[in-house]
Amino acid sequence: ISGLFRNVVGGKTLTKQDLDKALKGMEDHLLKKNVAREAAMRLCESVERELIGAKTGSFQSVDSIIRTGMESALRKILTPTSSLDLLREIQSVTSPSITSLQKPRPYVISIVGVNGVGKSTNLSKICFFLLQNKFRVLIAACDTFRSGAVEQLRVHARNLKELGEREGGYVELYEKGYGKDAANIAKDAVTFAAQSNFDVVLIDTAGRRHNDQRLMSSLEKFAKFAQPDKILMVGEALVGTDSVQQARNFNAAFGTGRALDGFIISKCDTVGDMVGTLVSMVHATGIPVLFLGTGQHYSDLRTLNVSWATNLLMS
Amino acid sequence: MVLQDLGRRINSAVSDLTRSATLDEKAFDNMIKEICSALLEADVNVKLVGTLRKSIKQSVNFKELPAGVNKKRIIQKAVFDELVKLVDPHAEPFKPKKGRANVIMFVGLQGSGKTTTCTKLARWYQTRGFKACLVCADTFRAGAFDQLKQNATKAKIPYYGSLTQTDPVIVARDGVEKFKKERFEIIIVDTSGRHRQEQELFDEMVQIQGAVKPDQTIMVLDSSIGQQAEAQSKAFKASADFGAIIITKTDGNASGGGAISAVAATHTPIVFIGTGEHMLDLERFAPQAFISKLLGMGDMQGLVDH
Ligand SMILES: Nc1nc2c(ncn2[C@@H]2O[C@H](COP(=O)(O)OP(=O)(O)OP(=O)(O)O)[C@@H](O)[C@H]2O)c(=O)[nH]1
Ligand SMILES: Nc1nc2c(ncn2[C@@H]2O[C@H](COP(=O)(O)OP(=O)(O)OP(=O)(O)O)[C@@H](O)[C@H]2O)c(=O)[nH]1
Ligand SMILES: [Mg+2]
Ligand SMILES: [Mg+2]
């Protein structure tokens, strides 16, 4: 590292030349952490902009100045600008305050993403979290394409029923088999949930390639029919540069006036300190990370701790 | 599609250089820089890109190029050779033989496409006259057996699995034994997704392998994988010593450089690529043909003595 991060000590006004080499080293460092090149370059540029013309303190190396600059740039990009208190939001919909004049209704969350990233599994983890908070949850099996998708959710619903009832929650599966239109099933599930006093509807969807026009465009109808309060996209920590385009294309798929509300970054337990995907996806869209998936069990769901992520990325 | 964008960029970097009026060292360095940027954006392992940069520089050795040689050809060939080296480890994959049992075991990370690809491959051999079948040794993932069963039924391929036995080692052994007795020629064993950070999962994989003694173990890799590709594939190689790689989801937008890095890291050839979610979306893979097509180097064939 010392070869890349050239050290200049003390009391100097920084120029582009002083920073260039060390920033290149920093960019490489981020690439190794699986940050997409586009995001890594933008972060380095923002650090450069901050630092050109700044005066170094005595005994301060360019290396350490850039580290500090990058740390705060990462913190800034990862810190959400609005509150992400999901439970409060749900409550405000399921039991609105009298002054709001809203009628109570189920809160609808739908999960989208490319193939195999962990949509159904992380939906089940969110369900477990909601059951622990004593909600009544309806899971809607709207992946009507992939073999075994419905049975997969059936197994989860059965397991969660057992676990959840111990916690004081309740869960049921809404399924209509294979081959039918997902948007219609989603709509019916929401209607059913309203009639049967459910608090939350969790809608699973089929995996789709973000470059498949036909499958992506069906998401617009889906959002219109299901009217989700939250659309969460699952992005996988293993994915490289494609994460940027995945995030952008899904964010643009729901028609004008509707965007993604948050990311779930899954499989964080499989990448060690290479957690760059979360930076790439937030960089691409400005949409916050709501949850991290950290394993294959129901309790393996975390909220994002910005310091934890920053430390891993800088290590 | 996978690597297409990369190919286009590399190709244009090379032809920009060779077309420019002054082919000096600075222009050469710029070309290498552009190629390396393209590789990094395609998720090729960062260290590997460094090595490749050095190799091209060394094999061209621009300073020492004597006057009068065809610089263009030398540079093109150096780039081409390095890229072929990336995807072609010169290792011969296993070839199943008719009239005996060939056991093939699938391994890989969670969600990479193993179960889907198992059926595709069984079908591939079935249409080529082999008696093929499937064994579901994934007893962990919810709905795994239903998934395999539904796929197998659609493709009319016999399958084995258990709804009650939770030990994948036992299911795998029983399934393979049963099908061997019934004289099946291609027996494909599907396993759960796993990753190197969980030793227990790796131990389980080794135990399944010990129980079914596969003639070939195949690692399935998602074409969108990034910088973890090298570490994960090396760990799978060290534990399961897979002899072939299948890259899936190449119908997506990913460049596939991570998967390519796994090939380089494990010296293991890609044998098939998955090109969609349907049963027939499987293609054979041939590294050199792939690279020359990629680089639009029809005219390169004469230069290359493979
Ligand atoms: N290690 C790890 N594995 C995970 C995590 N989340 C999901 N998985 C695994 O990833 C695989 C795919 O998960 P699914 O939930 O079926 O993925 P999906 O996105 O619904 O897949 P499709 O519906 O086929 O597109 C399963 O083996 C899961 O157990 C995680 O956070 N960590
Ligand atoms: N677009 C596309 N999707 C694919 C391809 N191969 C598999 N998939 C999809 O990827 C997802 C995951 O595939 P699976 O076969 O379940 O993956 P797996 O490796 O068995 O997953 P685990 O058993 O949970 O580890 C499914 O939605 C498949 O339909 C492919 O070549 N192209
Ligand atoms: Mg699913
Ligand atoms: Mg599977």
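Biologist: Let's start with helices in chain B. At what angle do H8(B) and H9(B) pack?

Modeller: Keep in mind that this is a predicted model. H8(B), residues 199-212, and H9(B), residues 229-240, pack at about 40 degrees, and their axes are 10 Å apart.

Biologist: And what do I call that arrangement, parallel or oblique?

Modeller: Roughly parallel is kept for angles under 35 degrees. The pair H8(B) and H9(B) is therefore oblique. As for handedness, H8(B) passes H9(B) in a right-handed crossing.

Biologist: Which residues meet there?

Modeller: From H8(B) you have B:Phe202, B:Met205, B:Val206 and B:Gln209, and they meet B:Ala235, B:Phe236, B:Ser239 and B:Ala240 of H9(B).

Biologist: H8(B) has another partner, H7(B). How do their axes cross?

Modeller: Helix H7 of chain B spans residues 168-181, and its axis comes within 9 Å of the axis of H8(B), crossing at roughly 20 degrees. That makes H7(B) roughly parallel to H8(B). This crossing is right-handed too.

Biologist: On to the ligands. How many residues surround ligand 1, and which are closest?

Modeller: For a ligand, list its neighbours, then check their chain letters. Ligand 1 has 24 residues around it, with A:Lys119, A:Ser120, A:Thr121, A:Asp269 and A:Gln296 the closest.

Biologist: Those carry the letter A. Why is the site described as shared?

Modeller: Because the residues surrounding ligand 1 come from chains A and B, the site is shared between chains.

Biologist: Where does ligand 2 lie?

Modeller: Ligand 2 sits between chains A and B. It has 23 residues around it, and B:Lys114, B:Thr115, B:Thr116, B:Arg141 and B:Glu277 come nearest.

Biologist: What are the backbone distances for B:Ser112, B:Gly113 and B:Lys249?

Modeller: A polar backbone atom of B:Gly113 is 2.8 Å from an oxygen atom of ligand 2, while one of B:Ser112 is 3.2 Å from a ligand 2 oxygen. For B:Lys249, a backbone N or O atom lies 2.9 Å from an oxygen of ligand 2.

Key. Residues numbered from 1 in each chain as written. Chains lettered and ligands numbered in written order. Predicted model: local features only at pLDDT ≥ 70, side-chain atom pairs only at ≥ 80, totals over all residues. Heavy atoms only, no water. Axes fitted to C-alpha atoms, helices over the stretch in contact; angles between N-to-C directions. Helix = DSSP H or I, 4+ residues; strand = E, 2+ residues; numbered from the N terminus. Parallel < 35°, antiparallel > 145°, perpendicular 65-115°, else oblique. Left-handed = near helix turned anticlockwise from the far one by under 90°. Contact = heavy atoms within 4.5 Å. Near = heavy atom within 4 Å. Polar contact = N/O pair within 3.5 Å; in protein donor to acceptor, adjacent residues only side chain to side chain.
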